[in-house]
Amino acid sequence: MTEMNTPVKQLGYHLSRNVLSTITPPIPTAYHWATTYSPTLTRPLLDMSQGVPRVPPPISLQSALGKAASSPQSFGYVRWDGEPALRAALVEEMKSVYGRNGQGVDVNADDVALTAGCNLAFVASVMCVAQAGDEVILPVPWYFNHEMTLNLLGITPIPLPTLPQDGFSPSVEKCKELITPRTRAIVLVTPNNPTGAIYPPSLLASFHALAQSHNLPLIIDETYRDFLDPTSGAPHTLFVPSSASESSWRSTLIHLFSFSKAYALPGHRLGAIISSPALLQECRKVLDTLQICAPRPIQLALAPLLPSLRGFVNETAESVRARHVIFRENLPKKWKIGAQGGYFAFVRHPFPRVRGEVVSKRLAQERGVVSLPGEFFRPAAAQVADGEGGVDAGQGWKQDSTPVSEEHRWIRFSVANVDDESVRRVCERLGSVTGSLGGMLRGRLGL
């Protein structure tokens, strides 16, 4: 479980309440579970937990990065908003991605600020629009780093529940009911992390209209946008000028992007905020304080290559989409996919009285399959320490005396981390645990 921190008794001073009340990053917990698994040549550890690119970037980018890193130019600071050439190149990419079907896109380099990763883009954006005591609406399950950021800043995250019967897409009407005088922003992630749900353009347009009508910013994290099926059209049309206003998106939309996934370089920490220059000038204060500038070598390497890397991006995305198909076709029937897209599939396990965290832990320890339980992506109050309560169903599996709630039965699998054959192996192992545990539970507990 991702337990809350407690005061470190050996320290001779107090720690921040906001830090102490923030959950511990949960991914290391899953990797710790896996340390007890003994892999073999025929049964290796299969990691479908963290969203990490399986392949490195192209050799052309690797070589350019090596040259840039050794260039005297790269050792100095760069502008607070990043290399102008890369900002301009990103704008051209956005025009290609969002301007399909002949539609023009109203974005220019003055709308772009580069950051040391997309998480920092979120931090800077939120710090500009909210302060301690304010509220920000987040769909649940949520990306835990977003919730952690808000908690650290003393901002209250307001959960907007999403349901499996809706494909884990958020409801505009339910969101409207959550808006109060203290609401300062609505945050969406699409394709979603953790569920993989893909929000259609019409839904994003409705959320944009809702935010605009309440004078709220709509923050959309589109880290996984390049993994959408290009035949489905543009992710949305919010950047396309409307007849009412040539720049209406700038009054409401804060778009966040990460280079980590599409360009396979998460270790080089590069993200972006695309928003009104008026907001970016305020973000400048935050960015100058927290980063001064984003890492420069990767900016210098990417700027001239970005257009030529579109083929790599598309090829990688196609392979990830194909892996989703393999996962869907090989997943045991009793395991149900609630949503799927981007890097992730959100799956309901078949054991009604066993919490997802228990299932994920045992999968890592006994089957060598590393995943993340849905509880990691919910409010801390919804998380229950592994092993607390319940009855022993045998072999260390803890089962509640009554069926657990729907929200406790979901597990996130990342198809981007592994190759095609590993996806098939994971599904085989899920099938084996379904048979062995299912039979044991039915026999012992009358399921």
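**A walk through the fold**

A264 has a relative accessible area of 9%, under the 20% cut-off, so this residue counts as buried. Its place is in the loop between β7 and β8 (271–274). A264 is not a glycine, yet its phi is positive, at about 55 degrees. Keep in mind that this is a predicted model.

Now step back to the whole chain. It holds 13 helices and 15 strands. Of its 447 residues, 55% count as buried. Take the contacts between residues at least 6 apart in sequence: 77% of them join residues at least 24 apart.

Turn next to a pair of helices. Two packed helices are described by the angle between their axes and the distance between the axes. Helix α5 (residues 118–129) packs against helix α6 (residues 144–152) at about 35 degrees, and their axes are 10 Å apart. The crossing of α5 past α6 is right-handed. From α5, the contact uses N119, F122, V123 and V126; from α6, it uses N145, H146, T149 and L150.

Beyond its neighbours within four places in sequence, V129 touches R184, A185, P217, I254 and L279.

Two cis peptide bonds deserve a look. One joins V140 and P141, with omega at about 5 degrees. P141 sits in the loop between β3 (135–140) and α6. Another joins T190 and P191, with omega at about -15 degrees. P191 sits in the loop between β5 (183–189) and α8 (201–213).

Aromatic rings come next. A pair of aromatic rings is described by the distance of the centres and the angle of the planes. The count here is 16 aromatic pairs. Take Y143 and F144: their ring centres are 5.7 Å apart and their planes stand at 40 degrees, so this pair is tilted. Y143 counts as buried at 17% relative accessibility. F144 counts as buried at 6%.

F168 and W410 form another pair. Their ring centres are 5.1 Å apart and the planes stand at 85 degrees; that angle is over 60, so the pair is edge-to-face. Why does this pair tie together parts 242 residues apart in sequence? F168 lies in the loop between β4 (156–161) and α7 (172–178), while W410 lies in strand β15 (residues 410–414). F168 is buried, at 2% relative accessible area. W410 is buried too, at 4%. F168 has a positive phi of about 60 degrees although it is not a glycine.

Rings also gather in a group: ring pairs link Y224, F227, Y343 and F344 into a cluster.

Finish at R225. This residue is in the loop between β6 (218–221) and β7 (253–258). Is R225 buried or exposed? Its relative accessibility is 3%, so R225 counts as buried. The charged end of R225 sits over the ring of F257, 4.0 Å from the ring centre. Leaving aside neighbours within four places in sequence, R225 contacts L90, M94, V97, Y98, P191, H255 and F257. One of these, P191, is the proline joined to T190 by a cis peptide bond.

Technical notes
Residues numbered from 1 in each chain as written. Predicted model: local features only at pLDDT ≥ 70, side-chain atom pairs only at ≥ 80, totals over all residues. Heavy atoms only, no water. Axes fitted to C-alpha atoms, helices over the stretch in contact; angles between N-to-C directions. Helix = DSSP H or I, 4+ residues; strand = E, 2+ residues; numbered from the N terminus. Left-handed = near helix turned anticlockwise from the far one by under 90°. Contact = heavy atoms within 4.5 Å. Phe/Tyr/Trp six-rings, centres within 6.5 Å; stacked < 30°, edge-to-face > 60°. Buried < 20%, exposed > 50% of the residue type's maximum accessible area, 1.4 Å probe, protein only. Lys NZ or Arg CZ within 6 Å of the ring centre and 35° of its normal.
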